[in-house]
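The following exercises are to be worked with the sequence and the coordinates at hand. Each task is followed by a solution in steps.

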Amino acid sequence: MKYQTQKIAYAYFLVAMILFAVQVSIGLVMGWIYVDGNFLSEILPFNIARMLHTNSLVVWLLLGFFGAAYYLVPEESEREIHSPKLAYLQLGILVLGTAGVVVTYLFNLFDGNFLLGNEGREFIEQPRWVKAGIVVAALIFLYNISMTVLKGKKTAITNILLLGLWLLSLLFLFSFYNPANLALDKQYWWYIVHLWVEATWELVMASILAFLMLKLTGVDREVIEKWLYVIVATALFSGILGTGHHYYWIGTPGYWQWIGSIFSTLEVIPFFGMMAFAFIMVWKGRRDHPNKAALLWSLGCATLAFFGAGVWGFLHTLHGVNFYTHGTQITAAHGHLAFFGAYVALNLAIISYALPVLKGRDPYNQVLNMASFWLMSGGMVFMTFTLTFAGTVQTHLQRVNGEYYMDVQDQLWIFYVMRFGSGVAVVIGAALFIYAMLASRKAEIIAPGKPASTPAE
Amino acid sequence: MSETATQETGSGLDALPGDLMMWVLIISELLVFGAGLLAFLGVRLTDPVGFMEAQAHLHRTGAGVNTVVLVTSGWLAALAVKAVERGNVLRTRFYLVAAALLGVAFLWIKGVEYAAKEAAGITFETHPFFTFYYLLTGFHAVHVVAGIVILGLVGWKATPRNVETGTAFWHMVDLVWVLLFPIMYLLG
């Protein structure tokens, strides 16, 4: 660790991993609710569990991004973080807000209250006081990071990272605007939900991936920057108007069907670009970095993001297809692999890379970490397939044959059982990952061999 | 050519004139317009008679004149590249302004066309043909506006690299129109 203030990232990563554990545990509970519909129905209704599952996901991913920024910005701009105190204050606000959200969702104490009540808008149901807290925390973060970068060296990686973080923070302001017209409500709602994961978060992803490639492969910065710019340009070109693929059936004019179909199809390109980038950098790289686990997560991230976000997204993005598949388990399949591949794996990659450095030790427990990669990724891919098959059957029975929703759900039971099994694998994988990151070991289970010497060319 | 020997001989992506990012944009744009035209042709198959009837409402002569206007404008932009490579900034600016003015003329003719449609009560929703008509020609017109701004910018900072980058965009706008015009207006 070159800079003392990089330590801030450690606190962020810790909280992120705790929330990660909470998120997948609730996911497992929900997986069982799909199998036995009455499970916990009095204590933890499905809609509440779902809020907790998705909200904790988004919060821990953001905490991971913040942590990644606090880790890589000092190294890139070659100076300490402007104010470590503010960084910890920001974390405190976010933790308080998260706790407030959980209490509000679980006990619904202040239903209907302007300031304290659940706002009831999927994914942005946080009570207003928490939203205000998130904005304050975001402002603190942006001030802190921007001051650091402004006073230090400016690189393409920090420029893109900052651009992504600024834009995603600004877009969150739409969560305060809640028009009475339901079509307009949804239209602005997607400015957050879509323009986060399919535009601004991609900038964050590309820059963190670029940082990891720079460190792990030792390829020239100039080459990495060229890739970064191309990826970011294609992400914004396709992602912004790609929002149209959410405007097919919400009451917006018909031309959105074509704008959405065409632009969102192109959203595959940046994800393919990131995958090609990661692999080509590794092939070109001359460095034999000891942190193999971080490299595995980086490559896994780029690959699973391409399949989850790119291929599974394209699967139901054309409006002619989406007319039938909208809101079926196909969506759930895409959602799971896309979030896992693009953003969960990205966070686990940067945590795998940074944590050993932050703790001032060699990257050990790598075997366990890599085992957790295969267990988690395997589980998630299996889950994606079961949900895709479930969604295909559901689409046919419900949308083509016109059977009733709950009758169809009964026929999907076997898929939900298999999905629960894959969920167990993911949760065990997550537990292994967290253990591998935090527990210390004297020596690696499998001693690393000597790097193979390259024969003379 | 003796002068190429003195220039950097790039390979691969470096061999492209102008900025790499412009080529990323150009390819993205061509993919979008290409997909749009393919979708148009696909939907046309489902209702050839309706599409023919709708097409009869378009102003072919105006669009034909516009094709001449835009291609001439592209020629002027190409002359601007020649001029800037010879180091003649004044001449470069003259050609760029002329190219941009023809761009304005294109927009004016286009505006007259849109106004006539509006007066006839033809909107986005009238027929699928017009959904594509407004989408594709509208997107193209927005690119003409952007192109005029870009030509102005590269004329202001008239380095060979900038002018190459700006005119590459302008030629893309040209190319898209040359594809749009026959498919949308003429295809019988």
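**Exercise 1. Determine what share of the contacts in chain B with a separation of 6 or more joins residues 24 or more positions apart, and describe the fold in which these contacts occur.**

Solution. The model is predicted. Begin with the secondary structure: chain B contains seven helices and zero strands, in the order α-α-α-α-α-α-α along the sequence. Next, consider the extent of the chain: the C-alpha trace spans about 60 × 35 × 25 Å along its principal axes. Of the 188 residues in chain B, 31% are buried. Finally, count the contacts with a separation of 6 or more: 77% of them link residues 24 or more positions apart.

**Exercise 2. Compare the span of helix α4 of chain A with the expected value, and identify its buried residues and what covers them.**

Solution. Helix α4 of chain A comprises 24 residues, 128-151. At 1.5 Å a residue a span of 34 Å is expected, and the distance from the first C-alpha to the last is close to this, at 34 Å. The buried positions in α4(A) include A:V130, A:I134, A:F141, A:N144 and A:V149. Among the elements that cover the buried residues are α2 (46-77), α3 (84-107) and α5 (156-172) of chain A.

**Exercise 3. Which residues have the most contacts inside the largest nonpolar core?**

Solution. The largest nonpolar core has 130 residues, and A:A206 and A:L209 have the most contacts inside it. Helix α6 (residues 182-217) of chain A gives the most to this core, namely 19 residues. Now follow A:L209 beyond its neighbours within four places in sequence: its contacts are A:M274, A:A278, A:S298, A:A302 and A:L346. A second, separate core has 46 residues, including B:L102, B:F106, B:F129 and B:L151.

**Exercise 4. How many residues of chain A are in contact with chain B, and of which classes are they?**

Solution. Contacts join 13 residues of chain A to 13 residues of chain B. On the side of chain A, α7 (221-242) and α8 (255-265) each supply at least two residues. By class, this side has 10 nonpolar, three polar and no charged residues.

Methods
Residues numbered from 1 in each chain as written. Chains lettered and ligands numbered in written order. Predicted model: local features only at pLDDT ≥ 70, side-chain atom pairs only at ≥ 80, totals over all residues. Helix = DSSP H or I, 4+ residues; strand = E, 2+ residues; numbered from the N terminus. Buried ≥ 20, exposed ≤ 12 C-beta atoms within 10 Å, placed from the backbone. Contact = placed C-beta atoms within 7 Å. Expected span 1.5 Å × (residues − 1). Core = buried A, V, L, I, M, F, W, Y, C linked by C-beta atoms within 7 Å. Nonpolar A, V, L, I, M, F, W, Y, C, P; charged D, E, K, R; others polar.
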